[in-house]
Amino acid sequence: MYINFWYPIASGEVVTNKEPHRAEVLGVKLVAFRDDAGNAHVLADTCIHRGGSLGKGWVKDNCVVCPYHGWRFDEDGKCVGIPTFADDEKPPARAKVDSYPVQEKYGIVFAFLGDLAEEERPPLREIPEWSQEGWRANKLVVFEIDAYYERSMENGLDPSHNEFVHPTQGSPTISQDLKREPLEVQDVPWGSEFIVNFENEVTGTEALGGHYKLEPEVLAGSGHIGPNQMITWINFSKDHRFSQYFFEAPINENRTRVFFVNMRSWLLEPENDNRITKVNMLIAQEDIDLLEELDPVRTPNSPSEEVLVRSDGAITRYRECLKEWTSRGWRIDMKSLSEQRGDRAFAIPSPARKTSKNWVQKPIPLVSAGKTSNNRVQKPIPLVSAV
Ligand code: FES
Ligand SMILES: [Fe+2]
């Protein structure tokens, strides 16, 4: 898991100016709330007084209030009120928690979980179809799976499982003429993507709730930006397209919360929304059933502990990107975190830590950049020939 990327924290509708919303992301607790002007804010959840959970408190006067002794924290994470202080006393400067940059888009409250200055931050993936005519979004779907988010991302970048896992999609297989070729993976800023031709073994099936007849060929692909933002394109034909956006929030090393926005260029009438969501989730469940049984739960550390082939090319590229971000010192050291947990509270460092000192909570431990050899990052992992 990595700091310094945008993560979905909650759907906008559960973030209010009354009740704080508590969420665990990257193995730490966060609290989201809304001010009276409607702006969402995301703070570290642990109160720096004596460890109360701000998410269990309440929201009042644009502040989140700790349920233990009533200390109040504003949108910047600064403590602005201590009930046991006299009216003219100010809270100490150390009384502050981390506050994270927020963007609310597509019905989702996203937070930048890291300490980079604005101009250095990797982007939040745009949904260009969101505002385009001729496209319609399904209602946001949020679901949780008992699987590690990198396994889930890799599943999305894997064109070779559909044939076996997705009868609902017509069990599409990669075109014969592509089987002998390496998967052409394009680099994009902060990620990579591919698109290939699939052949449907089962054609003419009345799929997607009996509303679309599967064609023998479908152009489909996927890509990622950062470690946790995924898109899948399924172009049944020029005018019948799905663009599916998956914003993944690793809860911890074993569980993932997925925020799924489905854009479609056909069946635009609102009455089709539920039916399409139902079919999408049927397909997602086909993946989840596999993902929750993978062993090991997380991807192995060494390429010698599995056999990757040409069709795993997009996964290989994804892993190279992860290594690059590890070499920047952005990977969370989960082993060190779990060893120390219980004795101290950790927070993901926010941008304010670059400009002000004196923080009570320790920054979450990171794998030091020096621990990974940089030259391995650039070398592609060798692929074993499939033929
Ligand atoms: S622990 Fe939060 S106010 Fe005391
Ligand atoms: Fe799948």
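Analyst: A residue is called buried when its relative accessible area is under 20%, exposed when it is over 50% and partly exposed in between, with a 1.4 Å probe and protein chains only. This is a predicted model, in which local features need pLDDT of at least 70 and side-chain atom pairs count only at pLDDT 80 or more, while totals for chains, interfaces and linings use all residues. Residues are numbered from 1 along each chain as written, chains are lettered from A and ligands numbered from 1 in the order in which they are written, and side-chain values rest on heavy atoms, without hydrogens or water.

The whole structure contains 14 aromatic pairs (rings of Phe, Tyr or the six-membered ring of Trp with centres within 6.5 Å; stacked under 30 degrees between planes, edge-to-face over 60, otherwise tilted). One of them joins phenylalanine 5 to tryptophan 190, and because the ring planes stand at 85°, with the centres 6.2 Å apart, the pair is edge-to-face. Phenylalanine 5 belongs to strand E1 (residues 5-11), whereas tryptophan 190 sits in the loop between strand E15 (186-188) and strand E16 (191-200), so the contact ties together parts that are 185 residues apart in sequence (strands E, at least two residues, and helices H or I, at least four, are DSSP runs numbered from the N terminus). Returning to phenylalanine 5 and tryptophan 190, ring pairs link Phe5 and Trp190 with Trp325 and Trp330 into a cluster.

Rings also meet charged groups, where NZ of Lys or CZ of Arg lies within 6 Å of the ring centre and within 35 degrees of the ring normal. The charged end of lysine 96 sits over the ring of tryptophan 359, at 4.2 Å from the ring centre, and arginine 121 lies over the face of phenylalanine 112, 5.1 Å from the centre of that ring.

On a 1 Å grid over the protein atoms alone, a cavity is a set of points where a 1.4 Å probe fits but cannot get out, a pocket is an open set with protein on both sides within 12 Å along at least five of seven lines, and lining residues have an atom within 4 Å of a point. One cavity of 30 Å³ or more is found. Elements that supply at least two lining residues include strand E20 (229-237), strand E21 (240-250) and helix H1, and helix H3 gives the most, with six.

The second largest pocket has a volume of about 400 Å³. Its lining comprises 20 residues, and Arg151, Glu154, Asp158, Leu294 and Ile315 are the closest to the centre. H1, helix H3 (273-291) and helix H4 (313-327) each contribute at least two residues to the pocket lining. Helix H1 (residues 149-156) is itself mostly covered, with seven of its eight residues buried, among them Arg151 and Glu154.

Definitions and conventions
Points joined across faces, edges and corners; volume = space filled by probe spheres on them.
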